[in-house]
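Student: I have a protein model open and want to learn how to read it. Can you take me through a few features?

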Amino acid sequence: MPSFKRPKALADVPTSYCPGCTHGVIHRLIAETIDELGIEGKTVGIAPVGCSVLAYNFFNCDMIQAPHGRAPAVATGVKRAIPDNVLFTYQGDGDLAAIGTAETVHAAARGENITVIFVNNAIYGMTGGQMAPTSLPEQVTQTSPYGRDIKSAGFPIKVCELLSTLDGVAYAERVAVDSVKNIRNAKKAVKKAFEAQIAEKGFSIVEIISSCPTNWGLTPVDALDWLRDNMLPYYPLGIYKDKTS
């Protein structure tokens with residue numbers, strides 16, 4: 001009977017994430033993909049600011065820390081300098097969809113041959129639970145204690161829908177990690193995004209709907225229920241663009 005082992009690309013160290021946080025699940029999916037594709041020696045990950053800032057501790061491939069929001073720009077530079085390497089960014093919603101919006105959109109518009117792993121938990125995690133660009137209408141956060149008011153704060157940004165309109169995007173899919181079925185689908189999406197880069201198809205992004213029990217003020221189990229009841233209706237799962245075939 002096969003045993004459940006740690007992927008070689010995943011470092012054998014304790015994580016810094018809160019109990020119930022799904023960053024660890026996502027890390028494993030990326031590491032499994034690196035192992036299966038045999039690319040650990042030529043993979044470079046970009047970890048910007050936010051909860052992902054310490055991701056360089058958890059992967060056995062080369063890692064670079066980028067300034068807040070600038071991961072796609074850093075990945076672009078590295079990919080152009082060493083095009084045979086595989087580049088991935090690992091970004092949260094506050095990083096990718098707020099301070100890093102320009103880098104994200106223009107890297108996608110240029111069709112930069114990089115892979116973006118976008119973790120959407122609808123809130124700023126590391127800085128204490130402020131409203132993010134992806135926070136839901138009427139969602140209570142530290143900076144929207146009465147709920148997000150769309151009249152003053154606008155509507156949440158739907159990243160996959162936005163980027164799928166750009167010609168440089170080869171692959172865009174939204175997945176979740178709230179159940180075994182969805183985790184398996186998320187793994188397939190992550191692997192397909194890496195394969196799109198290896199095949200030089202262009203920009204690929206996997207948006208992963210994730211939970212944040214600490215800043216949502218919920219238990220890990222209740223946080224997954226909240227994700228299903230509130231986030232998935234607003235952020236439908238599925239493939240938004242696929243030019244890989």
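Student: Which residue follows α7, and what is its phi?

Tutor: Helices are DSSP runs of H or I, at least four residues long, strands are runs of E, at least two, and both are numbered from the N terminus. After α7 comes Glu200, with a positive phi near 60 degrees. This is a predicted model, where local features need pLDDT of at least 70, side-chain atom pairs count only at pLDDT 80 or more, and totals for chains, interfaces and linings use all residues. Residues are numbered from 1 along each chain as its sequence is written, and side-chain values use heavy atoms, leaving out hydrogens and water.

Student: How many residues has α7, and how far does it reach?

Tutor: The expected span of a helix is 1.5 Å times one less than its number of residues. With 19 residues, α7 reaches 27 Å from its first C-alpha to its last, close to the 27 Å expected.

Student: Which residues of α7 are buried?

Tutor: Buried means under 20% relative accessible area, exposed over 50%, partly exposed in between (1.4 Å probe, protein chains only). In α7 the buried residues include Asn182, Ala186, Val190 and Phe194. The buried residues of this helix pack against α1, α2 (71-81), β3, β4, β5 and β6.

Student: How do α1 and α7 pack?

Tutor: Two packed helices are described by the angle between their axes and the distance between the axes. Axes are lines fitted to C-alpha atoms, for helices over the stretch in contact, and angles run from 0 to 180 degrees between N-to-C directions. Here the angle is about 45 degrees, and the axes of α1 and α7 lie 9 Å apart. That makes α1 oblique to α7, as angles under 35 degrees count as roughly parallel, over 145 as roughly antiparallel, 65 to 115 as roughly perpendicular and the rest as oblique.

Student: Which residues touch the most other members of the largest nonpolar core?

Tutor: In soluble globular proteins, nonpolar side chains tend to be buried together. A nonpolar core is a set of buried Ala, Val, Leu, Ile, Met, Phe, Trp, Tyr and Cys residues joined through side-chain atoms within 4.5 Å. The largest here has 30 residues, and Ile30, Phe88, Ile117, Phe194 and Val206 touch the most other members. Apart from it lies another core of 21 residues, among them Phe118 and Leu163.

Student: Is Val86 buried or exposed?

Tutor: Val86 sits in strand β3. Val86 is buried, at 2% relative accessible area. Contact means heavy atoms within 4.5 Å. Leaving aside neighbours within four places in sequence, the contacts of Val86 include Val44 and Phe194. Val86 and Val44 are 42 residues apart in sequence, yet 6.1 Å apart in space, C-alpha to C-alpha.
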